[in-house]
Amino acid sequence: MRTFKKTGVFLLAFLALLLLVIGIFLYTLTPDYSGEKELVDLEQQVKVYYDTFGIPHIYGENEKDAFRALGYVHAQDRLWQMEVLRRIASGGLSEIFGADLVETDKFFLSLGIADASKITVANNDKADTSTLLAEAYLDGINQFITEGSTPIEFYLTGIDKEKFILEDVYNTIGYMAFSFAMAHKTDPLLTSINSKLGPEYLKDFHIGSDIDTEWIKNYNPSLNDSIQNNLTAVVDKALGALNIPLFEGSNSWVIAPEKTKNGKVIFANDPHIGFAQPSVWYEAHLETPTYSKYGYHIAGIPFPLLGHNRELAYGLTMFENDDVDFYYEQNNPENDNQYLTLNGYVDYEIINKTIKVKDSADVEFTYKKSVHGPILNGIADQIQGNRPIAMSWIYTQMDNRVIDALFGLSHANNLNEFKASLPKIHAPGLNVMYGDAKGNVAWFATAQLYNIPDSIHTKFIYEVGEGLPVEKELLDFNQNPQAINPPSHYVYSANNQPDSIAGMLYPGYYLPENRAKRIVALLEPKNDWDSASASQMITDVKSPVNTTIINDLVKLIDISVLSKNGLKIVDRLNLWDGNYDLSSTEATVYHRWIYYYLKNTFKDELGEQLFTQFLDTHLMKRLIAPLSKNENSVWWDDITTETVTESMTYIVNTSFVQALASLEKDFGNNCDNWIWEKVHTIEHEHPIGQIAALRSFFNVGPYPIEGTREVINNMAFPYDETGLYKTSSGPSTRRIIDFSDVENSISILPTGQSGNPLSKHYRDQAEMYNNGQFRKMMMNSEEIRNTAKSLLLFSPK
């Protein structure tokens with residue numbers, strides 16, 4: 001018995017010691033928010049005050065010192081995120097995650113982002129201030145890599161930390177730019193539909209610019225093959241496998257003094273980005289004698305994409321312009337390594353790449369490149385057709401000055417200086433929003449635009465010898481859509497169709513007018529806006545467009561065949577105000593009904609694969625409202641029933657009955673239980689959180705969440721057979737800057753400031769975000785010092 005007791009005591013002691021060792025080890029992996037450190041090449045002491053939410057307020061005597069400190073503190077909270085983001089464009093994901101991501105690496109390597117980054121860095125002016133500050137930021141990251149703790153993800157994946165270089169910054173920007181694009185999802189799909197079904201089936205898609213939608217108005221006082229069926233699937237797989245933020249859409253509005261209670265500009269912005277963990281933005285407040293900015297940074301990029309100080313504020317939404325084109329090439333029948341041009345057959349450029357793969361041999365990868373761009377055939381197994389398709393993307397075809405632009409925006413002191421930096425952004429297309437303490441408000445659609453003749457349709461894969469020329473007719477930036485201090489006394493953007501330019505409506509992949517109409521309807525009549533009412537607006541979950549759709553569809557319902565449940569639901573839908581709060585049953589019924597409505601309308605013609613791809617496009621979102629008014633659409637007939645011609649009334653009724661039946665099956669016959677909180681959820685997923693045993697440690701959520709897609713509080717989700725709406729993208733932050741009280745401006749992040757799961761700031765904002773709450777963006781130095789939770793001092797080494 002004594003032996004057993006001794007053994008038990010020994011085991012308990014061993015377990016206690018083991019837990020202690022594990023605890024100490026994990027503690028060493030947490031970010032260090034206090035104490036003293038020495039930084040190489042630092043000229044003078046830098047003080048970093050951390051506030052309640054782990055946001056660093058960095059005070060330095062010069063900008064290089066401040067950005068060096070920023071690199072260090074950014075890395076200690078987000079090094080893993082930095083690592084993943086820099087690897088996407090350079091084809092380095094397989095080295096972390098294994099062979100499953102080889103196709104993703106092939107695809108991104110073929111885009112040429114990494115090759116373009118090398119050229120850009122080689123041509124950089126090393127003495128340029130933006131380059132010097134970027135290098136200082138990278139030095140801070142690299143010193144943390146050398147001396148700081150190693151994030152737990154590096155241990156779990158078995159990869160070594162490696163120093164960051166300037167090319168990594170451009171590679172991250174390149175990935176970000178591509179994730180904005182919608183052409184890769186839309187053009188191949190439309191080409192397939194046109195080839196398979198004919199142009200009659202494209203009429204209801206409204207694929208041209210829409211003259212009947214809500215436009216963003218200008219105001220400038222100074223001025224037949226299987227190959228395309230599979231391309232969308234390839235890109236979706238490449239992007240979807242990453243579980244990192246993808247850029248989707250956004251809202252922003254800036255209200256001039258004439259419409260605010262306190263006579264000062266109010267700025268609001270909530271970029272819509274794919275939800276993931278860590279979330280996309282890292283907040284940092286920098287103060288030096290020559291620079292003051294509260295900014296939102298992407299991991300590995302030194303200058304903020306969103307920011308404000310006491311003088312001005314700026315933010316972004318996605319322009320959604322068309323900057324990607326696809327071309328068929330014609331091979332030489334006698335030599336597959338040549339293709340036809342206006343000057344006869346010429347050689348493809350043959351590019352060889354090597355992909356490192358975890359726990360496997362390297363993969364040697366070769367692809368062809370024409371004058372238009374990379375040939376996508378052979379890049380992924382899904383592409384089986386014989387006709388070569390080249391992808392042309394303006395981002396890799398022009399000098400890249402995006403870093404210079406971000407530097408210029410963050411260092412601008414007024415509207416003129418700010419505008420001067422915008423032409424340096426050739427891609428991705430952005431709506432850049434601006435407001436300042438002097439009362440100016442402005443919106444700029446920022447991208448390198450070019451002339452597109454009416455005879456050229458950019459939404460299809462161009463046939464050989466057709467389409468836009470390689471040397472495009474570039475438009476001057478002053479011709480871009482923009483508005484400066486318009487007579488409406490506000491500017492806004494919701495990724496909707498901009499006003500005409502250069503005599504044309506510029507083609508793009510614009511989102512439906514739902515959010516735009518709601519924003520205009522709220523802004524237009526009110527002239528006493530303040531921070532409280534703006535913050536209430538940015539969390540608005542009402543959709544007047546969806547109630548209009550319901551009104552159109554309910555008129556066609558045959559109530560004589562409905563059950564009591566069906567009649568009860570029809571009554572509720574007729575009274576629905578379009579709110580997507582958690583207790584709404586109408587919200588649940590609407591989306592279940594619309595899914596069956598779309599499925600019964602389109603799937604018979606498109607088939608399983610194309611229908612799935614169609615659900616993932618802006619086209620699908622844009623056509624729901626106009627289709628609900630179009631009784632003569634060719635899509636209503638079910639082509640699988642040869643002896644019957646289905647009508648809109650038949651499709652609407654059948655879909656409604658199917659929706660009710662599926663809801664009764666899922667939640668029972670009591671429709672009071674069909675509430676939105678049971679089907680609409682949010683979970684911020686970490687790449688390693690895909691492992692079931694680690695999900696709760698790395699992932700944040702799931703939680704029920706208010707909102708839906710295409711309301712101002714845009715909680716978007718994909719449709720599928722489950723009838724469950726797992727939110728995939730939404731507001732990546734919500735910011736309200738009131739220039740009447742700029743030091744009390746407010747914001748929120750979806751999860752937390754830190755990307756380290758061992759940090760107390762990994763998920764400390766999640767509940768506030770879900771509840772539509774805010775916290776202060778602190779800028780008052782005395783308040784920051786007096787309320788700081790910790791102080792980290794950097795001294796010269």
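Biologist: Why are α16 and α17 called roughly perpendicular to each other?

Modeller: This is a predicted model, and in it α16 (residues 564-575) and α17 (residues 586-614) pack at an angle of about 105°. Angles from 65 to 115 degrees count as roughly perpendicular, so α16 and α17 receive that description. Their axes are 10 Å apart.

Biologist: Which residues of α16 and α17 meet?

Modeller: Ile569, Arg572 and Leu573 belong to α16, and they meet Glu586, Val589 and Trp593 of α17. Contact here means heavy atoms within 4.5 Å.

Biologist: What makes glutamate 320 buried or exposed?

Modeller: The relative accessibility of glutamate 320 is 5%. Buried means under 20%, so glutamate 320 counts as buried. Glutamate 320 is placed in the loop between β9 (312-318) and β10 (324-328), and its phi is near 70°, a positive value in a residue other than glycine.

Biologist: And how do you know whether aspartate 359 is buried or exposed?

Modeller: Aspartate 359 has 75% relative accessibility. The cut-off for exposed is over 50%, so aspartate 359 counts as exposed. Aspartate 359 also has a positive phi, of about 55°, although it is not a glycine; its loop runs between β14 (349-355) and β15 (363-369).

Biologist: Which peptide bonds to proline are cis?

Modeller: The bond from glutamine 277 to proline 278 is cis, with omega near 5°, and proline 278 lies in the loop between β5 (266-274) and β6 (281-288). The bond from glycine 701 to proline 702 is also cis, with omega near 10°; proline 702 is found in strand β22.

Biologist: What makes β22 and β23 edge strands?

Modeller: The open sheet has three strands in the order β22-β21-β23, with mixed pairing. β22 (700-704) and β23 (725-727) each have a single partner strand, so one side of each is left without a neighbour in the sheet. From one strand to the next, the twist averages 25°.

Biologist: How do you know that β21 and β23 pair?

Modeller: Two strands pair if there are at least two bridges between them; β21 (residues 680-684) and β23 have three, in the parallel sense. Threonine 681 stands opposite lysine 726 in β23.

Biologist: What is the extent of the largest nonpolar core, and which residues have the most contacts inside it?

Modeller: That core has 154 residues, and Ile58, Leu79, Ile141, Trp281, Ile298 and Phe794 have the most contacts inside it. Helix α2 (residues 63-89) gives the largest share of this core, 14 residues. A second, separate core of 58 residues includes Leu189, Ile193, Leu202 and Leu553.

Biologist: What does tryptophan 281 touch beyond four places in sequence?

Modeller: Among the residues touched by tryptophan 281 are Arg78, Ile273, Tyr296, Ile298, Leu306 and Leu749.

Technical notes
Residues numbered from 1 in each chain as written. Predicted model: local features only at pLDDT ≥ 70, side-chain atom pairs only at ≥ 80, totals over all residues. Heavy atoms only, no water. Helix = DSSP H or I, 4+ residues; strand = E, 2+ residues; numbered from the N terminus. Axes fitted to C-alpha atoms, helices over the stretch in contact; angles between N-to-C directions. Buried < 20%, exposed > 50% of the residue type's maximum accessible area, 1.4 Å probe, protein only. Core = buried A, V, L, I, M, F, W, Y, C linked by side-chain atoms within 4.5 Å. Parallel < 35°, antiparallel > 145°, perpendicular 65-115°, else oblique.
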